[in-house]
Amino acid sequence: MHWFDIDRFFEEAVRVLVPGGVLAAWSYELCAVEKRADALIHELYQKLDPYWPPERRMVEDGYRSIQFPMPAIAVPQFEMTARWSVQQMLGYLRTWSASQRYLDERGRDPVDSIEPALCSVWGTGTREVRWPLALKAGRV
C-alpha cells in the first residue's frame with residue numbers, strides 16, 4: 001500500500017467495495033533471527049537509511065499513520081516465518097530497494113559490509129527468520 005497514491009487508492013477501494021466489504025492492507029516489518037544476526041541486519045538497515053524511499057516510513061510505523069476512510073476492524077497479530085541459510089538471508093538483504101539504490105549510486109554492494117560477520121554468527125545451518133506482519137483492516 002505504501003507504493004500507492006493513497007488518496008486515489010482509497011477512492012477506488014470505497015467505490016468498488018460492496019456494503020459490508022472489507023479492505024485489508026498488510027506489510028512486513030524488519031525481520032528477526034537472533035540477537036547477533038539481528039544487530040548486523042539493523043546495522044545494515046541504518047547504514048542504508050538515506051537510501052530508503054520516504055514511503056518506507058509507513059512500513060516502519062506498521063501503517064498506523066495511514067487513516068482508513070472506513071471504521072477499523074480489530075485484527076489479530078501475525079508473523080511470517082521461513083528457515084533460511086545465511087546465503088538466502090544475504091540474497092534477501094540484497095533485494096532491499098535501499099540496497100539496490102546504494103549499489104546504483106555508489107557502485108558497491110552494501111551487504112558486503114556485513115557479510116563476513118553475518119556468515120560467522122549464522123553458521124552453516126538454517127535459522128528461523130521471523131517477520132512481524134502489520135495488518136490494518138476496515139469495513140465499508
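Start by selecting β4 (127-139), which gives five residues, the largest share, to the lining of the second largest pocket. Strands here are DSSP runs of E with at least two residues and helices are runs of H or I with at least four, numbered from the N terminus.

Before we go on: this is a predicted model, where local features need pLDDT of at least 70, side-chain atom pairs count only at pLDDT 80 or more, and totals for chains, interfaces and linings use all residues. Residues are numbered from 1 along each chain as its sequence is written, and side-chain values use heavy atoms, leaving out hydrogens and water.

**Stop 1: the second largest pocket**

Now pick G62, V75, A134, L135 and K136, which lie nearest the centre of this pocket among its 14 lining residues. Besides β4, β2 (72-73) also gives two or more residues to the lining. The volume is about 240 Å³. A pocket is an open set of points on a 1 Å grid over the protein atoms alone, where a 1.4 Å probe fits and protein lies on both sides within 12 Å along at least five of seven lines; lining residues have an atom within 4 Å of a point.

**Stop 2: the largest pocket**

Next, select H2, Y28, W52, R56 and V59, the closest to the centre of the largest pocket out of 16 lining residues. Its volume is about 300 Å³. Which element gives the most to this lining? That's β1, with three residues.

**Stop 3: helix α4**

Stay with α4 (residues 86-95) and show V86, M89, L90, Y92 and L93, its buried residues. Buried means under 20% relative accessible area, exposed over 50%, and partly exposed in between, with a 1.4 Å probe and protein chains only. Look down the helix axis: these residues fall within an arc of 160°, so they line one face of the helix. That arc is taken from the directions from the axis to the C-beta atoms. Among the elements covering them are β1 (22-28), α2 (35-47) and α5 (97-106).

**Stop 4**

Key: Contact = heavy atoms within 4.5 Å. Points joined across faces, edges and corners; volume = space filled by probe spheres on them.
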